[in-house]
Amino acid sequence: MIQTIDAMLSKFENGKMTRRQLVLSLAAVAAAAAQSAPKEEGFRALSINHITVKVPDLQRTSNFYQEFFEMPLKQHSAKTHILGVGDSCFFGIEQGDGQARVDHFDFGVEGFDADAVRTKLTKLNLKFDSNSKESFKFHDPDGFLVQVNAPDYVGHVG
């Protein structure tokens, strides 16, 4: 690229290129360099690992999904039920204190590296909730609560 710019400057200095042509040529070189520059890598989501809802009646909602969709109860506590969906996903149901709502959704990330994800979130001025190496949550720019972890994450009841 330096040779290209040097050649353009020489043409300009020798009167073989106008100032306008030089400026346009430099802009084209800069644009091409920007397009070929390595982009900061993201984190490839392989799956929606799970969705968790908060409901007024944990048992009623859990029974419905277990029976209607034949989702097996994989884990449970007094306030949380984890129902299996296929081989690697689950549906979380938590006891809420009011109206039913989606609490959060979770992406299974290829080659999950919690520290690398947190570093990028910090650069984007986004806050995260823990220093766990296995899984953690953060609010996206629109305020949605997002959880990230490896694709094979199976959840934990609290």
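Among contacts (heavy atoms within 4.5 Å) between residues at least 6 apart in sequence, 55% join residues at least 24 apart. The model is predicted: local features need pLDDT of at least 70, side-chain atom pairs count only at pLDDT 80 or more, and totals for chains, interfaces and linings use all residues. Residues are numbered from 1 along each chain as its sequence is written, and side-chain values use heavy atoms, with hydrogens and water left out.

The protein has four helices and seven strands. Helices (H or I, at least four residues) and strands (E, at least two) are DSSP runs, numbered from the N terminus. The order of elements from the N terminus is α-α-β-α-β-β-β-β-α-β-β. The radius of gyration is 26 Å, well over the 15 Å that the globule rule gives for 158 residues, so the protein is more spread out than a compact globule. This radius is taken over C-alpha atoms, and the globule rule is 2.2 Å times the number of residues to the power 0.38. The C-alpha trace spans about 85 × 30 × 30 Å along its principal axes. Of the 158 residues, 30% count as buried. Buried means under 20% relative accessible area, exposed over 50%, and partly exposed in between (1.4 Å probe, protein chains only).

The largest nonpolar core has 10 residues. Such a core is a set of buried Ala, Val, Leu, Ile, Met, Phe, Trp, Tyr and Cys residues joined through side-chain atoms within 4.5 Å. Its members are Val109, Phe112, Ala114, Val117, Leu121, Leu126, Phe136, Phe138, Val146 and Val148. Two or more residues each come from α4 (114–123), β6 and β7. Helix α4 gives the largest share, three residues. Apart from this core lies another, of seven residues, including Val53, Met71, Leu83 and Ile93.

Valine 146 belongs to the largest core and lies in strand β7. Its relative accessible area is 5%, so valine 146 is buried. Beyond its neighbours within four places in sequence, valine 146 contacts Phe105, Phe107, Phe136, Lys137, Phe138 and Asp140. Phenylalanine 105 is 41 residues away along the chain, yet the two C-alpha atoms are separated by 5.3 Å.

Helix α3 has a buried side. Leu58, Thr61 and Ser62 are buried there. Seen down the helix axis, the buried residues of α3 fall within an arc of 100°, so they line one face of the helix. The arc is that of the directions from the helix axis to the C-beta atoms. Cover for these buried residues includes β1 (45–55), β3 (80–85) and β4. The face turned away from the buried side carries the exposed residues Arg60, Glu67 and Phe68.

Aromatic pairs number 11 in the whole structure. Rings of Phe, Tyr and Trp (its six-membered ring) pair if their centres lie within 6.5 Å; planes under 30 degrees apart count as stacked, over 60 as edge-to-face and the rest as tilted. The ring centres of tyrosine 65 and phenylalanine 91 are 4.7 Å apart and the planes stand at 50°, so this pair is tilted. Tyrosine 65 lies in α3 (residues 58–68) and phenylalanine 91 in β4 (residues 89–95), so the pair ties together parts that are 26 residues apart in sequence. Tyrosine 65 is partly exposed, at 23% relative accessibility. Phenylalanine 91 is buried, at 13% relative accessible area. For phenylalanine 105 and phenylalanine 144, the ring centres are 6.3 Å apart and the planes stand at 55°, so this pair is also tilted. Phenylalanine 105 sits in β5 (residues 101–109), and phenylalanine 144, 39 residues apart from it, in the loop between β6 (135–139) and β7 (145–149). Phenylalanine 105 is partly exposed, at 23% relative accessibility. One aromatic cluster is formed by Phe64, Tyr65, Phe68, Phe69 and Phe91.

Arginine 118 lies over the faces of two rings. A charge sits over a ring if NZ of Lys or CZ of Arg is within 6 Å of the ring centre and within 35 degrees of the ring normal. The distance from arginine 118 to the ring centre is 5.7 Å for phenylalanine 128 and 4.7 Å for phenylalanine 136.

Glutamate 70 is exposed, at 69% relative accessibility.
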